[in-house]
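Good morning. I will go through one model today, starting with a backbone detail and working out to the chains. Please have the sequence and the structure open.

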Amino acid sequence: METTKKSEAKELGALLLDVGVSLLSSGASCSRIRITMRRFAAAYDYQAHVSIAPKSISLTLNDEADTPLFNGMLSTPAQGVNFKTISGISRLSWDTVENGLSIQEVKDELQKLLNLPHYPRLVILLFVSLAGSAFCFSFGGKPIELLITFGATFCGLFTRQEAVKKKFNPYICVFFGSLVASLFAGAFIKAGLNINFEHAFATSVLFLIPGVPLINSFTDLIDGNILNGLVRGINALMFAMAIAFGLLLAMLIYNLK
Amino acid sequence: MDLILVLSKAFWCGWGAIGFGILFNVPPRTLFALWIGGAIGGFLKFTLLQLTVGVVFASFVGATAVGMLSIPIAHFRHVPPMIFAIPAVIPMIPGVFAYRTMLGLIKLTGAIGPDYTTIMSDTVNNGVKTLFIIMSLALGVSVPMHVMRQESAKNIRLKIK
């Protein structure tokens, strides 16, 4: 009896750490990670105590009498943003609570979730470029500036994706993206086209803005996860600096003031 | 008030939200809702701006509307509210202010000339605007959850018949 309970706790603990780490590396806020892990644990009558560090999660599982049965820690792989994973895990957790899935079933479902495909690359490129043009429009851009932003975003995002594939440092990936996008936009200004300098430059790098870390940073701060909030905020700031350096280098190359 | 301009800006804000939704790999079933959310947030923000309300408060109102919307959407589309709310408020991120701040900071590293104080006050102004807009976006998105005092949108019962 005692040993089956222990082995169950061990299995569940490993699964919960997988869940938490997948959430952390897909851009979930700390309270969401904690709530989801506790929800899973409660479905199997355990109590989960979770500590979330910037790049790892530790977990203690207690039984109903608060006796610790499992201790573990797992560090995250590279962090990105993948909302499909977050929404899939949220659904899975409710499914577990309501329909009483076994640990093995949850494990299989989680594996399936993590292997779900992204959108096709061309779709991502086109729609993000469209979003870039949309921003340019909302800042008051003219049609020609919209087209330039579209092209700049397309090239910049393509470069960033290639850099990510080649496993460059994430900040350097953003730097490359920003540099290429602003080189593209700057070429038209250098060619003597009569366009608004600010619209073309500022909106062509907007796709790199670290929106998820920024918003998660404040969400964490409001929820009292001050340390995680600060880490995420500084991370977002580093991305913003990388964008600025790319932009500045392009302006230096073109000798624009 | 230039209604056509506001409406077309709102329309494009919706596309901005979809673009970022795709970049963040949201489930396809939320894309249409994202367009609506982005457009409504953008509509409120730009309408208020036309009425000469400050940009920080206008962004806060837009983000709060998105946050409110995110709860019914979470029910109907079976996704956590933030999946909908984050891409929908991204079109309201103050890119131009952030850009001016960065540029201003770099200019401040140069020699002190006659226009140094002007650059400094411009930079501080833009920087503070950027910071407060981002704070109001994050706050607006999470306001509904904090007002309802629930940890999960699933516990918030909707009265829709």
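Asp45(A) counts as exposed because it has 8 C-beta neighbours inside 10 Å. On the scale used here, a residue is buried if 20 or more other C-beta atoms lie within 10 Å of its own, exposed if 12 or fewer, and partly exposed in between, with C-beta atoms placed from the backbone.

Before I go on, the conventions. This is a predicted model, in which local features need pLDDT of at least 70, side-chain atom pairs count only at pLDDT 80 or more, and totals for chains, interfaces and linings use all residues. Residues are numbered from 1 along each chain as its sequence is written, and chains are lettered from A and ligands numbered from 1 in the order in which they are written.

Back to Asp45(A). Its phi is near 60°, a positive value in a residue other than glycine. Asp45(A) sits in the loop between α2 and β1 (47–52) of chain A. Helices (H or I, at least four residues) and strands (E, at least two) are DSSP runs, numbered from the N terminus.

In chain B, His78(B) is not a glycine either, and its phi is positive, about 55°. Where is His78(B)? His78(B) lies in the loop between α3 (55–77) and α4 (81–89) of chain B. His78(B) counts as partly exposed because it has 15 C-beta neighbours inside 10 Å.

**Chain B as a whole**

Chain B has six helices and zero strands. Its C-alpha trace spans about 65 × 35 × 30 Å along the principal axes. Of the 161 residues in chain B, 50% are buried. Taking contacts in chain B between residues at least 6 apart in sequence, 69% join residues at least 24 apart. Two residues are in contact if their C-beta atoms, placed from the backbone, lie within 7 Å.

**A helix pair in chain A**

Next, α3(A) and helix α4 (residues 103–114) of chain A. Their axes come within 10 Å and cross at roughly 165°. The axes are lines fitted to C-alpha atoms, for helices over the stretch in contact, and angles run from 0 to 180 degrees between N-to-C directions. α3(A) and α4(A) are therefore roughly antiparallel to each other, a label for angles over 145 degrees. The crossing of α3(A) and α4(A) is right-handed, that is, the near helix is turned clockwise from the far one by less than a right angle.

Which residues of α3(A) meet α4(A)? They are Thr85(A), Gly88(A), Ile89(A), Leu92(A) and Thr96(A), and on α4(A) the partners are Val106(A), Glu109(A), Leu110(A), Leu113(A) and Leu114(A). This contact of α3(A) with α4(A) divides into six nonpolar, three polar and one charged residue. Ala, Val, Leu, Ile, Met, Phe, Trp, Tyr, Cys and Pro count as nonpolar, Asp, Glu, Lys and Arg as charged, and the others, Gly among them, as polar.

**Domains and the chain contact**

Chain A is divided into domain 1 (2–114) and domain 2 (121–254), with bounds from an automatic or database domain assignment. The C-alpha centres of these two domains of chain A lie 34 Å apart. Seven residues of domain 1 of chain A are in contact with eight residues of domain 2 of chain A.

Finally, the contact between the chains takes 41 residues from chain A and 40 residues from chain B. On the side of chain A that touches chain B, α5(A) gives the largest share, ten residues. That side of chain A divides into 28 nonpolar, nine polar and four charged residues.

Conventions
Parallel < 35°, antiparallel > 145°, perpendicular 65-115°, else oblique.
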